[in-house]
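Trainee: Could we go through this model together, one question at a time?
Mentor: Gladly; have a look at it first.

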Amino acid sequence: MQGLMMNRPLSVIEILRFASEIHSDGEIVSVRTEGDLHRQTYRETYARAGQVAHALGALGIQHGDRVATLAWNGYRHFELYYAISGYGAVCHTINPRLSAEQMIYILNHADDGVLFVDTTFVPIIEALKDQLPKGLRLVVMTDAAHMPDSPLDLLCYEDLLAPHDTTYDWPDLPEETAAGLCYTSGTTGNPKGSLYSHRSTVLHALFVAVTVPLSLREGARLLPVVPMFHVNSWGMPYAAPIVGASMIMPGGRLDGPSLYDLMETEKVTASWGVPTVWLGLRAEIEARGKPPSALEQVVIGGSAAPRSMIEFFETAGIDVCHAWGMTEMSPVGTSAQVPVAKADAPFEERMDLKSLQGRRMFGVDLKIVGEDGTRLPQDGKAVGELYVRGNAVISGYFNNDDATKAAVDAEGWFGTGDVASISPDGYLSIQDRSKDLIKSGGEWISSIDLENIAMAHPDVANCAVIAIAHPKWDERPVLVVVPKEGCQPSLDEFHDMMSDHFAKWQLPDDVLYVDALPLTATGKVSKLTLRKQFADYVLPDVG
Ligand code: ADP
């Protein structure tokens with residue numbers, strides 16, 4: 001028997017319409033490329049989204065067309081998110097840190113009709129001038145006074161909006177209609193597109209809101225360090241207007257001192273980002289001797305949060321929520337938070353929980369499978385490849401059947417490429433990305449676990465463990481360290497710290513010192529680049 005309920009489609013623009021009425025004074029505060037701090041309410045944002053939609057019509061955009069953005073976190077980018085999807089087109093966010101080759105590939109693969117670009121990134125487009133798809137219109141996200149001089153034919157965002165009415169008759173779209181498109185940063189092969197629907201985007205926003213309520217509540221002031229140009233800034237631009245949280249947009253100023261200042265002046269209560277950005281904020285907190293005064297929570301994800309980092313923030317009185325996910329999951333999959341029943345547990349025990357990747361969010365299912373494809377038990381011991389399914393997980397890649405076939409199993413689960421165990425009470429422990437695992441003498445060594453211990457050494461600013469080829473053991477782990485100024489921690493010191501937790505054969509064979517670690521387009525340590533960097537390095541017992 002069918003239920004007798006209305007079947008109103010879930011729709012992205014409904015989020016902003018709701019916020020414009022119910023949280024009308026909620027703010028979007030933006031560090032602008034023009035150099036100032038700009039403020040606008042959700043009510044004003046909804047009105048401007050209406051103008052953008054009219055402008056898309058004037059540009060000849062049709063339902064289903066892809067409209068690209070290349071921009072920092074800011075109110076214009078936010079307006080575009082809603083206006084493009086609400087109009088019935090697909091908001092394709094492009095990561096400005098991609099290589100020129102990858103950017104051209106995805107502009108062509110997505111077949112974008114218009115590209116909205118921040119002034120900062122105009123030079124990137126100029127450099128690609130001769131390779132840009134024919135007919136691609138370029139709109140610079142600024143006003144007439146700040147338009148750059150350029151050999152390109154550029155339209156001005158504010159001029160484009162100005163003639164239009166603020167009310168727009170948003171179309172009724174089936175909820176499965178595509179709303180957003182984001183390509184993985186493609187550390188291997190060409191980037192692959194995740195095509196989000198209105199339904200998946202709204203559901204993901206609701207799931208995230210109930211999963212991280214300290215960050216996402218009425219009156220919260222949320223600073224997304226994670227960019228809107230990659231995986232929708234982890235869904236914050238959709239979740240914040242639902243709950244009535246304001247958004248404090250840092251633009252391109254993502255260094256520790258700038259983030260600290262913005263957090264202080266705007267009384268930021270929560271902030272989300274990858275571990276590398278928290279290294280900068282941590283150094284700033286240490287230098288000033290206290291954390292930003294209103295900051296209650298940081299969400300750390302995108303790569304494993306080192307335990308020493310979690311302990312630092314928790315000791316400073318800031319709650320840490322460690323989260324795991326990926327582009328193909330919209331992206332949030334799990335979160336590590338301490339359940340109320342364990343709130344009074346000893347510090348060590350609580351940190352043990354937070355160092356794991358956490359438990360699944362509602363709407364997400366997890367399973368681990370062995371090399372032969374059979375499902376492994378969730379006993380906290382069995383380690384296998386992690387598969388997921390859920391309401392906001394892709395069913396396949398955009399126009400890429402080969403990649404879809406490789407990623408989706410016979411039962412429709414999506415293979416994450418991560419290797420993990422799951423405890424009986426549902427805590428996920430990511431061991432590695434399968435391509436980063438170290439196989440020594442037929443046994444696996446988790447680089448994440450070794451890094452976690454090395455990061456706790458007081459002389460270490462950052463580190464990564466990579467596999468180096470070995471004639472007898474296939475691969476051996478080597479620790480690559482960015483030491484703090486004037487320091488050079490020795491291999492013996494690391495072995496001392498690690499020997500309580502690891503068997504002797506799992507310890508790194510050597511420690512190498514570097515000034516900085518290479519980062520991927522999403523701000524994570526690039527082990528691929530690091531392995532190439534040390535391709536000619538010979539292990540001590542081999543040379
Ligand atoms: P890319 O890095 O290629 O842009 P994603 O942003 O989708 O791709 O990254 C997803 C991957 O990042 C996951 O599959 C996992 O390997 C890693 N990751 C994300 N969060 C965590 C975490 N908390 N701990 C360990 N690894 C993580």
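**Loops, strands and a ligand**

Trainee: What does Asp 111 count as, buried or exposed?
Mentor: This is a predicted model, so local features need pLDDT of at least 70 and side-chain atom pairs count only at pLDDT 80 or more, while totals for chains, interfaces and linings use all residues. Residues are numbered from 1 along each chain as its sequence is written, and side-chain values use heavy atoms, leaving out hydrogens and water. Buried means under 20% relative accessible area, exposed over 50%, and partly exposed in between (1.4 Å probe, protein chains only). Asp 111 has 51% relative accessibility, so the word for this residue is exposed.

Trainee: Where does Asp 111 lie?
Mentor: Helices (H or I, at least four residues) and strands (E, at least two) are DSSP runs, numbered from the N terminus. Asp 111 has a positive phi near 60° although it is not a glycine. Asp 111 lies in the loop between helix H4 (100–110) and strand E5 (112–117).

Trainee: How much relative accessible area does Lys 267 have?
Mentor: Lys 267 sits in the loop between helix H9 (256–265) and strand E12 (270–273). Lys 267 is another non-glycine with a positive phi, here about 50°. Lys 267 counts as partly exposed because its relative accessible area is 42%.

Trainee: What distance separates the C-alpha atoms of Ser 99 and Ser 185?
Mentor: Ser 99 belongs to the loop between strand E4 (90–93) and H4, and its 33% relative accessibility makes it partly exposed. Ser 185 is 86 residues away from Ser 99 along the chain, yet their C-alpha atoms are separated by 9.5 Å.

Trainee: How many residues of helix H8 are buried?
Mentor: Helix H8 covers residues 236–243, and its buried residues include Met 236, Tyr 238 and Ile 242. Just after H8, Gly 244 takes a positive phi of about 90°. H8 is largely enclosed by the rest of the structure, because its buried residues number eight of the eight.

Trainee: How much of the ligand's exposed area does the protein bury?
Mentor: A polar side-chain atom of His 230 lies 3.1 Å from a ligand oxygen, and one of Gln 357 lies 2.9 Å from a ligand nitrogen. Taken alone the ligand exposes 570 Å² (Shrake-Rupley method, 1.4 Å probe). The share that the protein buries is 93%.

Trainee: What is the bridge partner of Asp 418 in E20?
Mentor: Two strands pair if DSSP finds at least two bridges between them. Strand E19 (residues 414–422) runs antiparallel to E20, joined by five bridges. Strand E20 (residues 428–433) is mostly covered, with five of its six residues buried. Within E20, the partner of Asp 418 is Arg 433.

Trainee: Which strands stand at the edges of the open sheet, each with a single partner strand?
Mentor: The sheet has nine strands in the order E2-E1-E11-E10-E12-E13-E14-E15-E16, with mixed pairing. One side of each edge strand is left without a neighbour in the sheet, because each has a single partner; these are E2 and E16.

Trainee: What is omega for the cis peptide bond between Ser 330 and Pro 331?
Mentor: Pro 331 lies in the loop between E14 and strand E15 (332–336). The bond that joins Ser 330 to Pro 331 is cis, with an omega of about 10°.

Terms used
A polar contact is a pair of N or O atoms within 3.5 Å; within protein, one must be able to donate a hydrogen and the other to accept it, and residues adjacent in sequence count only if both atoms are side-chain atoms.
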